[in-house]
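Work through these exercises with the sequence and the 3D view open. Each task is followed by a solution in steps.

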Amino acid sequence: MDGSRIAVKTNNLGLDRHEAIETVAEWGIGGVHITASGPFEPEKLSRQDRKNLIKFVEDLGLEITAIMKWGGGVDLAEEENWQENIEEGKRLLELAADLECGIWGAHVGIMPWETSDPGWDRMVRAMAQLAEHGESVGACVAIEMGPEPPRIVRRLIETIGSEAIRVNYDPANLIIWPALLAKRNEEEYDRDWALEQYEPVEGAKTLGEFVVHCHAKDAMVRKGGEYQEVPLGTGWVDFEHWTSLLDDAGYDGFFAIEREVGDDPIGDIREAVEFLRGL
């Protein structure tokens, strides 16, 4: 893989935000994936701060590939804080536009599998509001994979019908989430069912045309349903096949390394860079 298509999610390095960006620049890759928290929250970055951040990154020979915010704490299918979350999402879209990446990656909640579920309607109405705002400012919400199979995400995108709703493809999440949900529901993890339904690699056929950003992350599920994020190339993701499917779909964007666990994140991420270069 061309190093210019490789990026790193900088908050995973465990360094000061600006120091993390400088460290990534030393590795000769193309981009940085920034988490919009702490000093990079929309409310803490003035227009001038945003311009300064772009210049700082560009002067190091990098580009901002996307911003990221919202993990498991926001669910647009639920009533709680529904409108407040939408308003925050609008501010994040504005930040993505101002930082000239135009992509805000986010877990938007757990999409119901059935359209008759009231949560499906709430999810659709919320995403429609975000799509309208994204179109107006020139940015998109890139739904991060995980809680639902690719076919459910595709159904939501087609229901909204806006280019401001796209996908941030994370194959490892499609391995982790079925095990996580089984554990939450006190159910036995069924590997064959989970891989068939969630399609961590083959899902690229379903969603490839909507993918605007990717997370390079690997995972596996051990005996007893214990899920684990692991270094790239040591888990269940067939990266050769996954990247080839995305290439077939016309994806030419970034693969941003995400390493959220481990005692040596910098070492793991540097090895991940070399792993991707070797594809």
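**Exercise 1.** How are helix 3 and helix 4 oriented to each other: roughly parallel, roughly antiparallel, roughly perpendicular or oblique?

*Solution.* The model is predicted.
- Step 1: take the axes. Helix 3 spans residues 82-98 and helix 4 spans residues 118-137. Their axes come within 9 Å and cross at roughly 25 degrees.
- Step 2: apply the cut-off. Angles under 35 degrees count as roughly parallel.
- Step 3: conclude. Helix 3 and helix 4 are therefore roughly parallel to each other.
- Step 4: The crossing of helix 3 past helix 4 is right-handed.
- Step 5: list the contact. Helix 3 brings Trp-82, Gln-83, Ile-86, Gly-89, Lys-90, Leu-93, Glu-94 and Ala-97. Among their partners in helix 4 are Arg-122, Arg-125, Gln-129, Leu-130 and Val-137.
- Step 6: sort by class. The contact of helix 3 with helix 4 holds 7 nonpolar, 5 polar and 4 charged residues.

**Exercise 2.** Classify the packing of helix 2 against helix 3, then name the residues that meet.

*Solution.* 
- Step 1: helix 2 covers residues 47-59. The axes of helix 2 and helix 3 come within 10 Å, at a crossing angle of roughly 45 degrees.
- Step 2: helix 2 and helix 3 are therefore oblique to each other.
- Step 3: Arg-47, Arg-50 and Ile-54 of helix 2 meet Glu-94, Leu-95 and Asp-98 of helix 3.
- Step 4: by class, that contact has 2 nonpolar, no polar and 4 charged residues.
- Step 5: look back at Glu-94. This residue takes part in the contact with helix 4 and in the contact with helix 2.

**Exercise 3.** Repeat the analysis for helix 1 and helix 2.

*Solution.* 
- Step 1: helix 1 (residues 17-25) packs on helix 2 at about 25 degrees, with the axes 10 Å apart.
- Step 2: that angle makes helix 1 roughly parallel to helix 2.
- Step 3: His-18, Ile-21 and Glu-22 in helix 1 touch Leu-53, Phe-56 and Val-57 in helix 2.
- Step 4: the classes are 4 nonpolar, 1 polar and 1 charged.

**Exercise 4.** Which elements give two or more residues to the lining of the largest pocket?

*Solution.* 
- Step 1: find the centre. Of its 21 lining residues, His-107, Asn-173, Lys-217, Glu-258 and Glu-260 lie closest to the centre.
- Step 2: assign elements. Helix 6 (173-184) and strand 9 (226-230) each give two or more residues. Helix 6 has the largest share, 5 residues.
- Step 3: count classes. The lining holds 7 nonpolar, 6 polar and 8 charged residues.

**Exercise 5.** What is the volume of the second largest pocket, and which residues line it?

*Solution.* 
- Step 1: the volume is about 190 Å³.
- Step 2: the lining includes Trp-113, Pro-178, Leu-181, Glu-187, Trp-193 and Tyr-198.
- Step 3: helix 6 and helix 7 (191-198) each supply at least two of the lining residues.
- Step 4: the lining has 8 nonpolar, 1 polar and 3 charged residues.

**Exercise 6.** How many cavities of 30 Å³ or more does the structure hold?

*Solution.* 
- Step 1: there is 1 such cavity.
- Step 2: the largest cavity has a volume of about 70 Å³.
- Step 3: Lys-217, Asp-218, Glu-229, Glu-258, Arg-259 and Asp-268 are among the residues that line the largest cavity.
- Step 4: strand 9 and helix 10 (265-277) give two or more residues each.
- Step 5: the lining divides into 6 nonpolar, no polar and 6 charged residues.

Conventions
Residues are numbered from 1 along each chain as its sequence is written. This is a predicted model: local features need pLDDT of at least 70, side-chain atom pairs count only at pLDDT 80 or more; totals for chains, interfaces and linings use all residues. Side-chain values use heavy atoms; hydrogens and water are left out. On a 1 Å grid over the protein atoms alone, a cavity is a set of points where a 1.4 Å probe fits but cannot get out, and a pocket is an open set with protein on both sides within 12 Å along at least five of seven lines; lining residues have an atom within 4 Å of a point. Helices (H or I, at least four residues) and strands (E, at least two) are DSSP runs, numbered from the N terminus. Ala, Val, Leu, Ile, Met, Phe, Trp, Tyr, Cys and Pro count as nonpolar, Asp, Glu, Lys and Arg as charged, and the others, Gly among them, as polar. Grid points are joined across faces, edges and corners, and a volume is the space filled by probe spheres set on the points. Axes are lines fitted to C-alpha atoms, for helices over the stretch in contact, and angles run from 0 to 180 degrees between N-to-C directions. Angles under 35 degrees count as roughly parallel, over 145 as roughly antiparallel, 65 to 115 as roughly perpendicular and the rest as oblique. A crossing is left-handed if the near helix is turned anticlockwise from the far one by less than a right angle, and right-handed if clockwise. Contact means heavy atoms within 4.5 Å.
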